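Keep the sequence and the model open as you read.

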Amino acid sequence: MAATESLRQVAHARAPWSVWFGIVLLFALFGVIVLAIIGPAQRTSDYEEVRAKKRVENLKTLREEADKALTTYGWIDKTKGLARIPIERAMELTVAELAKQKPAPAGPIATPEAQATASAPASATSPASATSPKPSGAQASPQAVAPAAASSPQPSPAAPQASASPATSPAPASPSPAKSP
């Protein structure tokens with residue numbers, strides 16, 4: 001039993017400092033060997049160079065495809081009859097088509113004064129209400145008002161107000177058009 005007790009003591013005994021020092025020296029020696037092998041080797045990044053070359057090639061092919069699409073004729077979808085034409089020819093056709101079209105007439109331009117008077121009740125004799133834009137059918141035509149006034153010997157004040165009532169009703173607020181310089 002004495003032998004087993006001595007073996008337990010040896011097993012449970014702490015390792016001396018020399019063992020720890022030997023392990024550290026072993027790791028240091030391994031590090032020196034690795035640095036000796038790798039240290040003088042030239043460190044080039046072939047991976048980044050390869051990626052850069054691929055990016056340049058991809059950009060070049062993309063630009064060639066875009067240039068081809070912009071400068072040549074070709075089918076986009078033959079079953080639908082959709083074709084591609086060069087951009088220069090498309091611009092020529094568009095300019096020619098726009099030159100043939102007659103400009104559309106512009107709609108009435110509402111001035112800020114007309115909008116202000118349209119939102120506030122105004123009399124039928126006001127020049128602003130006569131020139132302010134009205135939706136079609138909202139005001140009786142001047143020919144329809146003139147014969148009615150001519151047929152009666154004395155114009156009553158109710159007649160002009162009745163014909164102008166749609167014009168004097170407050171209009172819903174709408175944003176004013178932006179003025180261009």
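Q: How much accessible surface does the chain have, and what share of it belongs to carbon and sulfur atoms?
A: This is a predicted model. The accessible surface of the chain comes to about 16,000 Å². Carbon and sulfur atoms account for 66% of that surface.

Q: What share of the residues counts as buried?
A: The chain has 181 residues, and 4% of them count as buried. The label needs a relative accessible area under 20%.

Q: Which secondary structure elements make up the chain, and in what pattern?
A: There are 8 helices and 2 strands. Along the sequence they follow α-α-α-β-β-α-α-α-α-α.

Q: What share of the contacts joins residues at least 24 apart?
A: Take the contacts between residues at least 6 apart in sequence. Of these, 38% join residues at least 24 apart.

Q: What makes Leu29, Phe30, Ile33, Val34, Ile37 and Ile38 a nonpolar patch?
A: A patch residue needs over 30% relative accessible area and no salt bridge, and nonpolar side chains are joined within 5 Å. Ile38 shows the area step: its relative accessible area is 45%, and the cut-off is over 30%. Together the six residues named above have about 580 Å² of accessible area.

Q: Why is Ile38 called partly exposed?
A: Its relative accessible area is 45%. Buried means under 20%, exposed means over 50%, and partly exposed lies in between. Therefore Ile38 counts as partly exposed. Ile38 lies in helix α2 (residues 17–38).

Q: How do you know that Arg51 and Glu48 form a salt bridge?
A: The N to O distance is 3.6 Å. The cut-off is within 4 Å, so the pair qualifies. In general, side chains of opposite charge can pair when their charged atoms come close.

Q: Why are Arg51 and Glu48 separated by about one helical turn?
A: Because they are 3 residues apart in helix α3 (residues 46–71). Arg51 is partly exposed at 37% relative accessible area. Glu48 is partly exposed too, at 39%.

Q: What makes Arg89 and Glu92 a salt bridge?
A: Their closest N and O atoms are 3.4 Å apart. That is within 4 Å, so the pair meets the definition. Both residues lie in helix α4 (residues 87–100), 3 residues apart, about one turn of the helix.

Q: Why is Glu92 called partly exposed?
A: Glu92 has a relative accessible area of 47%. Exposed needs over 50% and buried needs under 20%, so Glu92 falls in between. Arg89, at 37%, is also partly exposed.

Q: How many salt bridges does the structure hold?
A: It holds 2.

Conventions: Residues numbered from 1 in each chain as written. Predicted model: local features only at pLDDT ≥ 70, side-chain atom pairs only at ≥ 80, totals over all residues. Heavy atoms only, no water. Helix = DSSP H or I, 4+ residues; strand = E, 2+ residues; numbered from the N terminus. Buried < 20%, exposed > 50% of the residue type's maximum accessible area, 1.4 Å probe, protein only. Contact = heavy atoms within 4.5 Å. Areas by Shrake-Rupley, 256 points an atom, 1.4 Å probe, with all protein chains shown as cover. Patch = residues over 30% accessible without salt bridge, like charges linked within 9 Å, V, L, I, M, F, W, Y side chains within 5 Å. Salt bridge = Lys/Arg side-chain N within 4 Å of Asp/Glu carboxyl O.
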